[in-house]
Protein chains: 2
Amino acid sequence: MCSAVAGDSRHPEREAVSALADDFVTELREWLAIPSIGADPAHHADVHRSATWLAATLRRDGWPRVEVWDAGPALPAVFACWPSDDPEAPTVLVYGHHDVQPVDPVERWHHPPFDPYVQGEELFGRGASDDKGQVAMHLLAVKAHLAATGRTTPNVTIKLFVEGEEESGSPHIRELLDTHRDDLACDLVVFTDTPLYERDAPTICTGQRGVIGGEIVFTGGSSDVHSGRAGGGVPNPATALARLVAALHDDEGRVQLPGFYDDVVPPSDLERQDWAALPFDEAAWLAHNAGGAQATAGEAGWSTLERVWVRPTAEINGLHSGYTGPGLKTIVPASATAKISFRLVPDQRPEVVLEQLREFVGKHTPPGVHAEVHVRGDGAPPYAADVTHPANLALHEAYEVAFEQPVRFSRTGGSGPAALLHAWLGVPVVYLGATLPDDRIHAPNERVVVPLLLKGAEAAAVLWRILPERLS
Amino acid sequence: MCSAVAGDSRHPEREAVSALADDFVTELREWLAIPSIGADPAHHADVHRSATWLAATLRRDGWPRVEVWDAGPALPAVFACWPSDDPEAPTVLVYGHHDVQPVDPVERWHHPPFDPYVQGEELFGRGASDDKGQVAMHLLAVKAHLAATGRTTPNVTIKLFVEGEEESGSPHIRELLDTHRDDLACDLVVFTDTPLYERDAPTICTGQRGVIGGEIVFTGGSSDVHSGRAGGGVPNPATALARLVAALHDDEGRVQLPGFYDDVVPPSDLERQDWAALPFDEAAWLAHNAGGAQATAGEAGWSTLERVWVRPTAEINGLHSGYTGPGLKTIVPASATAKISFRLVPDQRPEVVLEQLREFVGKHTPPGVHAEVHVRGDGAPPYAADVTHPANLALHEAYEVAFEQPVRFSRTGGSGPAALLHAWLGVPVVYLGATLPDDRIHAPNERVVVPLLLKGAEAAAVLWRILPERLS
């Protein structure tokens with residue numbers, strides 16, 4: 001089940017990937033068995049084990065330089081470099097991560113999340129898709145590239161930067177980039193943490209939304225008040241916060257922060273044409289992407305794909321106020337909290353949107369209520385690649401070789417450190433992924449479709465072969 | 001500290017109360033040591049102990065008929081009857097309760113809540129004010145009445161009905177009233193579970209608001225959704241619920257349920273005049289009644305006292321949706337819940353308001369969101385006494401004797417079974433209370449001011465003496 005079409009001499013990379021496929025799955029299962037849950041301090045030792053496993057595997061594969069970066073407060077990242085013997089060859093930096101999401105609710109897994117197992121074409125386990133599977137795909141790609149070309153060093157200088165804190169929002173990535181600026185210097189970043197559009201519609205991602213978030217806390221009195229005593233005579237922070245939340249969007253679903261859309265850049269015509277050509281089945285999209293939501297909804301005048309890819313949002317992620325246990329407690333709550341996050345699109349900036357939020361909250365805080373805005377982290381800026389850049393065109397060519405289908409451009413509505421890598425390293429970022437939106441990342445029963453990882457590895461191997469010429 | 005002015009022959013009831021005061025405090029402390037927390041099944045045995053204690057005390061005091069009603073699912077109520085030897089004497093039913101509120105957060109008590117202690121004029125302990133202190137006050141009043149008049153039976157037939165589930169919303173009171181309709185038959189209910197307006201402004205309560213409540217649950221998908229995946233493309237139940245909550249009130253604070261104010265009866269001119277004459281210090285009111293709220297607020301066109309006494313409200317008691325832990329989780333929540341309760345005024349009816357709520361929720365549920373309204377219990381109807389009824393005038397006379405100050409009429413914004421007693425027994429209800437709004441009932445460090453209980457006992461004793469003549 002793990003073999004691509006074998007023995008195809010017109011496709012040397014495919015042949016090489018095929019020969020390595022069984023070992024690839026065996027090795028990946030070994031890595032997936034390590035519960036590297038970065039968000040849980042009880043599993044930090046496992047994040048270290050995961051880094052050690054990856055470093056040892058890279059050394060065994062022949063990578064000449066392999067380092068575990070575990071100084072400072074960050075969970076360990078793995079860095080490796082395999083220089084091309086051609087001093088003129090471009091340098092690419094492959095980005096991925098080896099930390100994984102928590103597994104709650106663990107009772108909804110059909111099989112233990114860290115006892116990875118294969119069923120048909122699927123490999124199940126936490127991290128199979130996000131992101132160990134895709135990092136392992138790159139290890140396989142480099143081996144296949146060397147085998148297919150008969151080279152002893154890659155045709156491009158390949159650097160690998162596998163972070164250990166992505167699922168925690170990459171809180172220390174700026175320090176890592178600063179400390180290792182020379183190590184990470186490159187001509188191109190290949191970002192490997194995004195999915196294809198769907199199995200029968202392979203796509204190349206060209207951008208991610210940014211994100212920034214925090215919480216709004218409204219406080220009335222210093223303690224909850226019996227509503228028979230004072231109800232009707234004092235501000236209710238829960239009601240006040242609800243009124244603020246209601247004012248966040250107009251009736252057309254447009255976000256009402258002052259100036260929120262001022263910096264938004266529309267997507268290119270080429271991308272829009274590609275999106276219009278993608279199959280879209282609303283019921284299937286809701287089932288696979290939207291947790292069984294019963295209908296689409298959102299900003300008027302945009303399609304669902306546009307809403308989740310290139311339109312910014314304001315989402316309430318959580319609400320808490322007063323009494324939430326069984327039955328009823330007739331109080332006026334002392335306080336109310338809303339967790340809120342914004343997905344951002346180019347060229348919005350997290351720090352600007354935060355200022356807009358503070359202004360909005362100030363304007364919507366009624367007398368007798370005290371408001372606080374707590375920000376969580378620095379957020380992630382949005383990023384969109386130039387789809388006409390030679391690297392993206394080369395990637396497109398490599399995908400069409402591997403997938404043997406028309407390949408289109410797409411985006412993803414999620415966020416990641418692509419924009420940061422772009423800003424700090426000063427080079428373009430392209431996205432190379434081969435997972436699926438319905439891999440249940442961050443959810444029970446995460447899986448990856450192995451034949452797609454093999455195609456992804458083939459595409460990467462082809463890319464390493466053709467990239468120097470395409471960039472010249 | 002526990003003595004009223006002693007040896008005053010113009011005030012035989014005061015003299016009698018004074019002579020019994022020390023024993024009264026000793027006995028009340030014994031009762032307060034029993035943690036009869038009705039809401040906590042772990043304390044149900046204590047509710048039984050509390051009932052047994054009360055029944056034994058009543059028997060010792062000479063009440064000829066004493067029963068503990070503990071058949072059926074209700075926590076035990078205590079019933080007692082002391083018939084007058086005058087067959088023409090009116091029958092009064094004194095209502096109170098012996099269950100108490102939970103004590104959380106127990107760490108904020110300066111002294112253990114069930115180790116009652118006296119400090120100056122105050123007696124501290126859970127239940128001291130709400131409602132054991134006031135029930136004990138009536139036991140004292142009957143003894144003082146007999147001592148002051150030299151009678152061996154009271155001048156009115158006195159029945160005592162001390163419920164064990166008031167703090168749980170009296171869920172079985174209808175069954176009790178039904179089962180014991182003959183036992184409870186009377187000409188007047190004296191309801192003893194409300195406070196004075198303030199220490200220097202003694203008042204007679206003439207009404208309570210009603211209450212009905214439940215929760216509104218909005219559901220979108222079957223699970224939370226990653227906001228990078230679907231955010232902007234699906235309905236957000238938290239946002240949708242906030243928009244519903246925001247629509248509950250207009251900008252003037254008026255509740256927007258259809259027909260909400262249709263049945264509201266304004267208070268009498270006499271009461272309004274009395275309220276205007278009451279001292280009102282906003283800062284003190286906020287500190288004592290409103291948990292340190294920073295400002296008053298509410299329906300335009302009404303004073304704070306009117307807002308909390310005779311205007312109906314819609315209060316959000318709790319909100320819960322999505323992620324509420326530390327940090328941020330960028331999800332579109334699957335569901336959102338609001339706990340909501342309404343304080344009602346005559347002649348609103350709980351079941352009518354519930355129908356209005358259902359209609360309102362239906363109208364404010366957006367496409368793709370499923371709404372449910374869960375109701376908690378039957379609620380309590382509002383009640384207002386006729387301030388010109390001879391029983392209220394007699395009560396007013398008795399209060400002025402005891403307090404030696406002008407006594408005015410007031411209301412309370414809380415709720416209780418007064419309207420039910422009125423409806424089931426078919427007789428007027430008057431309120432006889434001697435506690436204070438800042439007794440911290442339902443909160444840590446509950447206390448009662450002992451000299452006020454003694455004045456209340458004196459007022460009750462005077463009432464028993466004068467009532468037959470005033471009602472004739």
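In what handedness of crossing does H3(B) pass H14(B)? This is a predicted model, in which local features need pLDDT of at least 70 and side-chain atom pairs count only at pLDDT 80 or more, while totals for chains, interfaces and linings use all residues. Residues are numbered from 1 along each chain as its sequence is written, and chains are lettered from A and ligands numbered from 1 in the order in which they are written.

The crossing of H3(B) with H14(B) is right-handed, meaning that the near helix is turned clockwise from the far one by less than a right angle. Helices here are DSSP runs of H or I with at least four residues, and strands are E runs of at least two, numbered from the N terminus. H3 of chain B covers residues 132–149, H14 of chain B covers 450–471, and they pack at about 50° with axes 8 Å apart. Axes are lines fitted to C-alpha atoms, for helices over the stretch in contact, with angles from 0 to 180 degrees between N-to-C directions. The angle makes H3(B) oblique to H14(B); under 35 degrees would be roughly parallel, over 145 roughly antiparallel, 65 to 115 roughly perpendicular, and the rest is oblique.

Now the chain interface. In chain B, 74 residues are in contact with 74 residues of chain A, contact being C-beta atoms, placed from the backbone, within 7 Å. E11(B) gives the largest share of chain B's side, nine residues. Strand E11 of chain A, residues 313–322, runs antiparallel to E11(B), joined by five bridges; pairing takes at least two DSSP bridges. In that pairing, A:Ser321 is opposite B:Leu319.

Methods:
Two residues are in contact if their C-beta atoms, placed from the backbone, lie within 7 Å.
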